[in-house]
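The sequence and the structure are shown below.

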Amino acid sequence: MTGSIVISIDPRYGLDYETLMKCAHLSMYHAKDHGRNGYRVYESEMNSRLLNQMQLDHALHEALKHNEFYMVYQPLIDLKQMKVVGFEALMRWHNKELGQISPADFIPVAEENGLIIPMGEWGLEAACRQLKEWQDMGYQGLSMAVNISGRQFRQSDLSGVVKHILQKTGLPANYLELELTESLLVDDVEHVVEIMYALK
């Protein structure tokens with residue numbers, strides 16, 4: 001087990017228990033965001049950062065309900081043949097109040113609150129459906145690469161989810177590529193290998 005220590009100093013950040021605990025609580029979010037197993041001293045800027053994170057968290061829940069996400073497809077080009085051989089599917093989000101939101105901002109929040117799993121499933125299905133549509137239009141031999149987050153990868157039945165989406169969209173499995181981050185390989189190697197075999 002590891003621990004995170006948060007520090008809120010009297011009278012600098014508050015004169016009463018409630019205020020000091022609120023500051024310590026804000027510091028805990030930052031301790032978790034920075035790798036855990038360390039310490040964090042409360043800073044006043046943490047308030048605005050946490051408010052932004054809470055606003056994004058709420059907006060993400062609404063975005064999933066109201067279908068605010070969309071996919072863009074970046075072509076993968078074989079330079080020897082000078083032709084498109086596939087696509088990488090990338091999730092994007094436009095919110096009517098916040099505007100266009102960078103994946104660098106919303107993906108970590110979705111990872112933290114667990115929404116990355118339904119978002120990832122939606123994105124995987126949208127990408128598979130799009131490639132199948134292109135195949136049906138006569139564009140054969142193209143692959144689709146989809147990023148899988150660490151939290152998605154560790155969900156109980158990722159291979160079952162992928163299989164279900166492939167069956168639902170009619171996309172042959174050999175045209176789907178799943179992109180995994182290297183950090184996945186660091187933790188629980190045996191379990192990672194087991195999931196990768198199931199996906200293969």
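A residue is called buried when its relative accessible area is under 20%. The structure discussed here is a predicted model. By that criterion, phenylalanine 69 and tryptophan 93 are both buried.

**Aromatic pairs**

The model holds six aromatic pairs. A pair of aromatic rings is described by the distance of the centres and the angle of the planes. Two of the pairs are set out here.

| Pair | Centre to centre | Angle between planes | Class |
|---|---|---|---|
| Phenylalanine 69 and tryptophan 93 | 5.6 Å | 50° | tilted |
| Phenylalanine 87 and tryptophan 134 | 4.7 Å | 40° | tilted |

Phenylalanine 69 belongs to strand β3 (residues 69-78) and tryptophan 93 to strand β4 (residues 83-95); their pair links distant parts of the chain, 24 residues apart. In the other tabulated pair, phenylalanine 87 lies in strand β4 and tryptophan 134 in helix α4 (residues 116-136), so this contact ties together parts that are 47 residues apart in sequence. Phenylalanine 87 and tryptophan 134 are also buried.

Phe69 and Trp93 are members of one aromatic cluster together with Phe106 and Trp122.

**Helix α3**

Helix α3 spans residues 103-113, and Phe106, Val109 and Ala110 within this helix are buried. These three residues lie on the same side of α3, because they cover an arc of only 100° around the axis. At the start of α3, serine 102 places a side-chain oxygen within 3.1 Å of the backbone nitrogen of alanine 104. Just after the helix, glycine 114 adopts a positive phi of about 90°.

Methods:
Residues are numbered from 1 along each chain as its sequence is written. This is a predicted model: local features need pLDDT of at least 70, side-chain atom pairs count only at pLDDT 80 or more; totals for chains, interfaces and linings use all residues. Side-chain values use heavy atoms; hydrogens and water are left out. Rings of Phe, Tyr and Trp (its six-membered ring) pair if their centres lie within 6.5 Å; planes under 30 degrees apart count as stacked, over 60 as edge-to-face and the rest as tilted. Helices (H or I, at least four residues) and strands (E, at least two) are DSSP runs, numbered from the N terminus. Buried means under 20% relative accessible area, exposed over 50%, partly exposed in between (1.4 Å probe, protein chains only). The arc is that of the directions from the helix axis to the C-beta atoms. A polar contact is a pair of N or O atoms within 3.5 Å; within protein, one must be able to donate a hydrogen and the other to accept it, and residues adjacent in sequence count only if both atoms are side-chain atoms.
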